[in-house]
Amino acid sequence: MGSSSLRIVIAFALAGALGASLCEVARAQDALQAGEAFVTRFSGTTDEGGRAAIDPSGTVGGVVDLRRPGASPLGASWEDAPQRSAATAGQVGQVFGVTLDDADPPNIYLTATSAFGLHRNAENTGWMEGMWGLNGGPGTIWKLDGANNDQPEIFADIKLDGRGNTGAALGNIAFDRWNEQFYVSDLETGMIHRLRASDGADLGHYDHGVDGRSVFFDVAGSGLAQGDFRSLPAVPFDPASSARTDDCPSGDFARAPSCWNFADFHRRVWGVGVRRDPATEEVRLYYAIWGSQGFGNPDHAAAGEDDQRNAVWSVRIKKDGAFDTTSARREFFLPDFFRSPEAIARAGRSHPVADIAFPASGDQDVMLLAERGGVRNLGLAAEDAFANPHEARVLRYELTDQGFWRGAGRYDVGYYDRSEAGPPYLRGSAAGGVSFGLGYGDGWEIDPAAPDAFVWMTGDGLCSPRGPCFDPGATRIPNPRRSTGYRDARRGPMRPSSPSPHSSHTRARTDYPRDRTRSVFHDRPRCRWRSAG
């Protein structure tokens, strides 16, 4: 079986309903209830004439009830997390990005992805069944209708001036509740599109490679709250480019991401998140630039250090919901994960930020970032087929009184400390998702009076022989079984990170009280329940 991964959005309400039975995958396609999570994952594989193939009947999206873990987080596997299936690969294909709107019950939105590889049929005449779903494609956004038992339907098909996505597919998606619209990143064009929530109409796009780079406030480069205005050469998208399905130089398109037509590293966007300043009510879209990997671009090796680093930027959203293209800010660079020239040549200085999360209540003075181990395809039957394991972090940034972001630390993810892989020696098994969630009260049930008290994140290989988990059924022997899933931590404790020379800043502080919060994280079907200690 190929590796599988999840992405979870949790919807909590002040009064919750009962969840599904433990360990039971329900057949009923019930709408997402308050307090439940929606999870996307790789569908898994099936044998097709001796060749591994996508399993069209495999679950790519399901519901997990995280309201009642029943015990404190002791570092043990949560073997019996309540789950039920909602969508299959045959229906919606492989999906990664996910968000909820503010309907009751909420609708769920999923984005087509290459994060679990791009897979062609045996003759290379088309996409493998289960890659994009029924009548879908690399640019499809799916809606699971909450008022209709989460039945899937095509919500939008992202195009740029009529040109469809040819392979690299979409990055992430975020809901802007103040302007009733979505933002979705396109990993092929580098554009961020905004879509009307009511009908999926494309209301325009933001071009970081042209508008963002041309004039921006460089908080990151200056290291001061005041910063400097700068300009970099524009890097436009080439509409004549396309995924090289028929003429990939390696001869194996599926295993060559350089042929998938990812956006130029100067303009490639993955993670997105939305905030609003409580005093000015200014809304800003935060987005993560993935510049650490060139995917065969000959300009990457000669690019400056800033262009080779991953960074978080932001752009203001006007009162009418449009992008203010004069307001771009480079907020901060991500601290390096790798330091040796050999490691940097292989993987870049760090892997991409796939997810950005903010608290859902109070002063919005914390930003969480989840990295994912890049993109690759070792084959459907391979272990760790689609991302580099143990090379990704969950990082925490805090807003200072001067109005800029400062790196505050990182959360350990998994038990393996890279003792066999080499430096850095840290627990960095993140899988690309992170979110805040409610705290827990008596009996370890969610406590509506404790918003944003826990952090949820996902990871690969959280339990393994190299980093065994705690086994509550044994007195001294840990549990060495491989386990991949979600990890939980109280909001406060974390490992301090080394100060980054590129730590940086924003003036935005958000406060958007709401009766439902959302959490976003990825991983495999096994659930994971850990403390931060």
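Student: Which residues does Ser114 touch, not counting residues up to four places away in sequence?

Tutor: This is a predicted model, to be clear. In it, Ser114 touches Gly167, Ala168, Ala169, Trp260, Phe262 and Val375.

Student: And where does Ser114 lie?

Tutor: In a loop. Ser114 lies between β10 (108-112) and β11 (140-145).

Student: Is Ser114 buried or exposed?

Tutor: Buried. Its relative accessibility is 0%, and the cut-off for buried is under 20%.

Student: Switching to the nonpolar core. Which residues touch the most other members in the largest one?

Tutor: Phe38, Ile108, Leu110, Phe262 and Trp270, out of 45 residues in that core. Phe262 is also one of the residues that Ser114 touches.

Student: Which elements give two or more residues to this core?

Tutor: β5 (51-54), β6 (59-65), β8 (83-88), α1 (89-92), β9 (95-100), β10 and β11. β9 gives the most, with 4 residues.

Student: What lies apart from it?

Tutor: Another core, of 21 residues. Its members include Ala220, Val269, Tyr287 and Phe333.

Student: Now the whole chain. How many helices and strands are there?

Tutor: 5 helices and 35 strands.

Student: What share of the residues is buried?

Tutor: 62% of the 533 residues.

Student: And the contacts between residues at least 6 apart in sequence: what share joins residues at least 24 apart?

Tutor: 68% of them.

Student: Last one. What does the accessible surface come to?

Tutor: About 19,300 Å². Carbon and sulfur atoms hold 47% of that surface.

Definitions and conventions:
Residues numbered from 1 in each chain as written. Predicted model: local features only at pLDDT ≥ 70, side-chain atom pairs only at ≥ 80, totals over all residues. Heavy atoms only, no water. Buried < 20%, exposed > 50% of the residue type's maximum accessible area, 1.4 Å probe, protein only. Contact = heavy atoms within 4.5 Å. Areas by Shrake-Rupley, 256 points an atom, 1.4 Å probe, with all protein chains shown as cover. Core = buried A, V, L, I, M, F, W, Y, C linked by side-chain atoms within 4.5 Å.
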